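Subject: Structure handover

Hello,

Here is the structure we talked about. Please open it and read these notes alongside.

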Amino acid sequence: MKNLERVEASQEWLKQARSFLVNKVNQDTFAHKTSWNYNIKVWFIGWQDKLVPSPVKAVSFLLLIGLVSATGLAARAEFNPSKFLYSVWETVERAELVLATSPTSQTKVYLKHVEKTVKDAQKLAQSEKLDDQERNKHINTVVTKLKKEMSAASASLDIAEQTKAGGNITELAKEVTSNTQNTVNALNKVIEESEMKGADKVAVNEAIAATEAVQGEAIQLLIDQQDLQNLSAEELANLVVEKIARATEQLNKILDYFNQSRAITPQTSSVVTTTAEVIDNLAEESAETAGDQVQATSENQAVLTAEKQATLNQLTVKFQDNLDLASDALAEGNLTEALKNVSNVTQLIIQANEILGETLDESLPAEGNQANQDNQSNSIKVEGVMEILPMETATTTETTAAIIQNNQADGQNSDLINE
Amino acid sequence: MKEIDENLLLFKASHGEPEAFGLIFDKYGNKIYRFIYFRVKNQETAEDLASQTFLKIWEYILAGKKIREFQAFAYKIARNLVVDYYRSRDKEELPLIYTEEEIEESIKVDPDTAINREILEKLLRTLPDEQREIIVLRYIEDLSIKAISKIVDKSPGHVRVIIHRSIKELRKYT
């Protein structure tokens with residue numbers, strides 16, 4: 001029967017009839033003028049489908065009520081993805097998403113899910129009931145979910161922006177920025193608390209990188225809306241500076257991988273007073289890093305293949321370049337460019353994580369990762385690489401925070417932005 | 001295009017946006033033509049009646065009347081126009097072009113091989129008008145039983161019975 005669908009009117013008739021009808025409508029409505037009343041009605045009809053619930057939404061709502069009342073609360077408390085109640089909660093989350101009628105509300109729902117998922121990861125990291133292998137496996141499952149939720153939140157935010165939700169978008173982007181900040185902090189704690197090593201950390205680091213990327217997009221959106229919404233240039237600059245500091249911190253942590261058995265003597269940072277100085281310092285330190293690394297890698301043949309050494313060297317140089325560019329852009333008040341360069345650093349961190357994750361796993365003895373921490377011979381193998389670690393995470397973060405405060409006090413930061 | 005969008009287009013058309021009605025025609029032009037074509041078996045007549053259908057729809061909108069379900073409404077107008085067309089031709093019986101004998105000779109369908117459009121069309125025209133119209137709506141236009149029942153003014157149960165009978169009829173030729 002479907003063959004008969006091909007029975008169609010001639011193109012000539014279709015054209016003529018359409019043209020005739022359009023002309024007829026034009027003639028008959030010539031005297032009509034659009035009024036505010038007409039515009040309101042058009043708007044209302046367009047939104048009617050969002051206001052009137054579809055059967056799918058109604059069923060989802062009922063399902064949500066049922067699940068929340070019966071098992072929802074118990075399911076919400078479950079953090080182990082291998083348990084049945086966890087999948088029940090995932091169903092509730094899906095129902096929540098169906099009920100979200102606009103891109104703005106969808107973004108908020110995704111952010112809510114991210115908060116729950118990151119808490120699950122933290123609970124897993126703290127759980128004493130699970131052995132290391134099981135814990136890492138579940139954490140990886142949960143952070144993979146988190147990564148998807150983050151991407152979905154970012155996509156919804158993008159759609160919300162394109163549909164011009166106005167002032168709400170700025171608030172939403174701020175919410176995303178704050179949520180992503182908390183998520184990154186929480187994920188870093190997950191790594192610390194679960195004492196993950198090598199390749200086990202890759203999924204969490206990827207989730208951190210994905211979250212950073214989403215935050216970058218949200219900050220970019222705020223920068224775009226800066227003039228429209230009268231956002232403070234100083235506030236935006238601070239967000240970018242914090243991001244640069246975090247990127248540096250992440251890079252330091254990656255390099256710390258290689259010196260797990262060696263104590264790091266904290267550096268005392270010089271007192272700096274402007275954001276640009278922080279960036280310059282970071283860039284200088286990074287330059288020293290690159291130089292050291294070239295010499296150091298030759299001592300590290302047992303752990304790193306020549307190919308991986310070369311890649312790591314390249315990544316370090318690229319990191320330095322991007323940091324320099326970010327510094328210049330920030331000094332010129334070009335936040336977009338600065339943000340772009342920080343995003344590049346995030347991408348480089350992902351690549352470095354992958355290489356180092358593989359390398360540590362290859363170098364570890366069969367008994368497990370923990371043994372590496374006590375095994376001096378293994379640590380000697382990575383000693384060469386450790387020489388490239390002049391940047392101190394804690395010092396950098398503290399300094400940046402202090403700088404932001406200083407700048408807020410003396411207004412130097414806003415001078416930078418206005419240049 | 002959802003029902004809600006159609007309402008929006010109709011509303012826009014009635015308030016001086018002719019292109020909105022053009023879009024409605026783009027979606028339903030061929031469908032209405034096909035529905036009429038299988039009733040009248042004449043391309044020119046089908047085109048003429050399809051044009052009249054859209055004009056009637058427009059007059060209805062222009063009169064300020066509200067259309068709740070556009071699809072059912074459009075098919076119903078087309079159906080009434082076909083009925084009027086045959087009435088105007090001195091109450092001529094709705095066409096059954098092929099006689100039983102001709103059909104017996106020309107249409108023999110092997111159930112294991114795909115049949116072409118011409119044979120299908122001939123088969124379809126062996127059905128009484130009422131059955132043919134429902135089969136067209138159900139299997140060519142993919143309308144639901146409920147939607148068909150609104151167009152032909154019969155209960156959904158009755159529509160199902162007619163479809164069952166029609167299929168039984170068609171099986172005679174296999």
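The expected span of a helix is 1.5 Å times one less than its number of residues. Keep that rule in mind for the helix checks below. Note too that this is a predicted model.

**Helix 4 of chain B**

Start with helix 4 of chain B, residues 70–88. How far apart are its end C-alpha atoms? They are 27 Å apart. Its 19 residues should span 27 Å, so the two values agree.

Now look at which residues it hides. The buried ones are A74(B), Y75(B), I77(B), A78(B), L81(B) and V82(B). They cover an arc of only 155° around the axis, so they sit on the same side of helix 4 of chain B. An α-helix has 3.6 residues a turn, so residues three or four places apart point the same way.

The face away from the buried side of helix 4 of chain B carries N80(B), D84(B) and R87(B), which are exposed.

What do the buried residues of helix 4 of chain B pack against? Their partners are helix 2 (18–40), helix 3 (43–62) and helix 8 (145–152) of chain B.

**The pairing with helix 2**

Take one of those partners. Helix 2 and helix 4 of chain B pack at an angle of about 30°. Their axes are 10 Å apart. Is the crossing left-handed or right-handed? The crossing of helix 2 and helix 4 of chain B is right-handed. On the side of helix 2 of chain B, the contact uses Y28(B), I32(B), F35(B), I36(B), R39(B) and V40(B). Helix 4 of chain B brings A74(B), Y75(B), A78(B), V82(B) and Y85(B). Compare that with the buried set, which includes A74(B), Y75(B), A78(B) and V82(B).

**Chain B as a whole**

Chain B has 9 helices and 0 strands. Along the sequence its pattern reads α-α-α-α-α-α-α-α-α. Of its 174 residues, 33% are buried. Take the contacts in chain B with a separation of 6 or more: 58% of them join residues 24 or more positions apart.

Most residues other than glycine have a negative phi. D142(B) has a positive phi of about 60°. It lies in the loop between helix 7 (129–140) and helix 8 of chain B. Is D142(B) buried or exposed? D142(B) has 12 other C-beta atoms within 10 Å, so it counts as exposed. The cut-off for exposed is 12 or fewer.

D153(B) also has a positive phi, of about 55°. Find it in the loop between helix 8 and helix 9 (156–171) of chain B. D153(B) is exposed as well, with 9 other C-beta atoms within 10 Å.

Then look at P128(B), in the loop between helix 6 (117–125) and helix 7 of chain B. P128(B) is partly exposed, because it has 13 other C-beta atoms within 10 Å. P128(B) and S166(B) are 38 residues apart in sequence. In space, their C-alpha atoms are 8.7 Å apart.

**Chain A**

Chain A comes to 18 helices and 0 strands. Of its 419 residues, 38% count as buried. Among contacts in chain A between residues at least 6 apart in sequence, 80% join residues at least 24 apart.

Look at helix 8 of chain A, residues 202–224.

The model scores ipTM 0.74 and pTM 0.46. Chain B has a mean pLDDT of 78, and 80% of its residues reach 70 or more. Chain A averages 68, with 58% of the residues at 70 or above.

Which element of chain B has the lowest mean pLDDT? That is helix 5 (residues 100–106) of chain B, at 44. Helix 3 of chain B has the highest, at 90.

Some stretches stay under 50:

- Residues 96–108 of chain B, with 14 contacts beyond four places in sequence.
- Residues 260–275 of chain A, with 33 such contacts.
- Residues 289–302 of chain A, with 29 such contacts.

Where pLDDT is low, the predicted coordinates should not be read in detail.

Best wishes

Technical notes. Residues numbered from 1 in each chain as written. Chains lettered and ligands numbered in written order. Predicted model: local features only at pLDDT ≥ 70, side-chain atom pairs only at ≥ 80, totals over all residues. Helix = DSSP H or I, 4+ residues; strand = E, 2+ residues; numbered from the N terminus. Buried ≥ 20, exposed ≤ 12 C-beta atoms within 10 Å, placed from the backbone. Arc of directions from axis to C-beta. Contact = placed C-beta atoms within 7 Å. pLDDT = per-residue confidence, 0-100. Axes fitted to C-alpha atoms, helices over the stretch in contact; angles between N-to-C directions. Left-handed = near helix turned anticlockwise from the far one by under 90°.
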